[in-house]
Amino acid sequence: MIPRVLLGTAQVPGGGELRLLQRGAEFSIMLGANELMNSRLSGSEEALAEQACERIGARPGVRMLIGGLGMGFTLRAALARLGPDAEVAVAEIVPAVVEWARGPMAALHGDSLTDPRTRIFEGDVAAAIAEGEWDAILLDVDNGPDGISRPGNDRLYGAAGLARARAALRPGGVLAVWSSAPSKPFARRLDEAGFAVDEVVARATRKGGARHVIWFATKA
């Protein structure tokens with residue numbers, strides 16, 4: 001049995017501590033007893049970007065906002081599908097996560113952080129949303145719309161937060177939200193916010209694994 005090694009810790013604004021662990025070539029980020037992400041489980045995070053790109057289609061100068069850097073699966077999948085004139089802003093509220101991406105997990109992230117289309121925003125994704133004029137906003141800042149790791153995340157998923165996200169999207173833009181589990185109340189809030197909603201089940205790996213949920217909410 002290869003032991004897990006603690007590589008670093010970081011405080012989450014509003015409470016809680018993240019821990020970066022490594023076992024062999026596998027990385028995981030934990031919050032208490034909850035594993036928020038694992039380097040072996042990238043399927044649904046990649047689907048978040050892939051299907052968002054499909055929905056916005058080919059358009060010049062795409063501006064995409066990703067809430068939560070994590071292990072970079074969503075960022076890399078987006079860069080692989082967007083053109084050379086795209087901009088992908090990544091909002092990460094825990095600076096240590098960016099440091100880990102450039103340090104112990106550098107090989108996992110590859111050249112995604114130095115790609116000229118990438119802009120790292122160390123701060124709350126709500127502030128980045130307020131910049132407006134996005135073609136796609138991808139939210140993977142928690143385990144879902146219940147704000148598990150950070151109570152403040154609830155304001156992203158409430159009626160007011162969804163209204164702000166919709167206002168920040170260009171016509172035909174997409175708000176995509178990742179979740180570890182279904183939520184009928186959240187799906188209903190998306191509909192009430194004026195989005196055309198498509199709820200998709202995505203597996204944790206390409207071969208199967210846990211079923212995660214992604215809502216793709218399109219601004220008419």
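Start by selecting Phe186: in this predicted model, Phe186 has a relative accessible area of 0%, so it counts as buried.

**The aromatic cluster**

Tyr157 and Phe186 make an edge-to-face aromatic pair, with 5.7 Å from centre to centre and 90° between the planes. Colour by element and you'll see that Tyr157 belongs to helix 6 (residues 154-157) while Phe186 belongs to helix 8 (residues 184-192), so this pair links distant parts of the chain, 29 residues apart. Tyr157 is buried too, because its relative accessible area is 1%.

Now bring in Trp215. Phe186 pairs with Trp215 as well, again edge-to-face: the centres are 4.9 Å apart and the planes make an angle of 75°. Trp215 sits in strand 11 (residues 208-219) and Phe186 in helix 8, so this pair ties together parts that are 29 residues apart in sequence. Trp215 is buried, with a relative accessible area of 0%. Show the three side chains together: Tyr157, Phe186 and Trp215 form one aromatic cluster. A search of the whole structure turns up two aromatic pairs.

**Trp100 and the nonpolar core**

Next, select Leu18, Trp100 and Leu138. Of the 45 residues in the largest nonpolar core, these are the ones that touch the most other members. Helix 1 (residues 43-56) gives the most to this core, with six residues. Apart from this core lies another, of 24 residues, including Ala89, Trp134, Val177 and Leu190.

Zoom in on Trp100. What does Trp100 touch, leaving out residues up to four places away in sequence? The list is Gly8, Thr9, Ala10, Leu18, Arg19, Leu20, Ile29, Met105 and Ala106.

Then widen the selection to helix 3 (residues 95-102), where Ala96, Val97, Val98, Trp100 and Ala101 are buried.

**A buried glutamate**

Go to helix 1 and pick Glu45, which has its place there. Is Glu45 buried or exposed? Glu45 is buried, because its relative accessibility is 9% and the cut-off for buried is under 20%. Display its surroundings: Glu45 touches Phe73, Thr74, Asp140 and Trp178, again not counting residues up to four places away in sequence.

**The cavity**

Rolling a probe the size of a water molecule over the atoms shows where empty space is left. How many cavities of 30 Å³ or more are there? The count comes to one, and the volume of the largest cavity is about 490 Å³.

To find its centre, select Met37, Gly68, Glu92, Asp140 and Val141, the closest to it of the 31 residues that line the largest cavity. The elements giving two or more residues to the lining of the largest cavity are strand 4 (34-38) and helix 2 (73-81). Helix 2 supplies the largest share of that lining, three residues. Finally, colour the lining of the largest cavity by class: 17 residues are nonpolar, eight polar and six charged.

Notes: Residues are numbered from 1 along each chain as its sequence is written. This is a predicted model: local features need pLDDT of at least 70, side-chain atom pairs count only at pLDDT 80 or more; totals for chains, interfaces and linings use all residues. Side-chain values use heavy atoms; hydrogens and water are left out. On a 1 Å grid over the protein atoms alone, a cavity is a set of points where a 1.4 Å probe fits but cannot get out, and a pocket is an open set with protein on both sides within 12 Å along at least five of seven lines; lining residues have an atom within 4 Å of a point. Grid points are joined across faces, edges and corners, and a volume is the space filled by probe spheres set on the points. Helices (H or I, at least four residues) and strands (E, at least two) are DSSP runs, numbered from the N terminus. Ala, Val, Leu, Ile, Met, Phe, Trp, Tyr, Cys and Pro count as nonpolar, Asp, Glu, Lys and Arg as charged, and the others, Gly among them, as polar. A nonpolar core is a set of buried Ala, Val, Leu, Ile, Met, Phe, Trp, Tyr and Cys residues joined through side-chain atoms within 4.5 Å. Buried means under 20% relative accessible area, exposed over 50%, partly exposed in between (1.4 Å probe, protein chains only). Contact means heavy atoms within 4.5 Å. Rings of Phe, Tyr and Trp (its six-membered ring) pair if their centres lie within 6.5 Å; planes under 30 degrees apart count as stacked, over 60 as edge-to-face and the rest as tilted.
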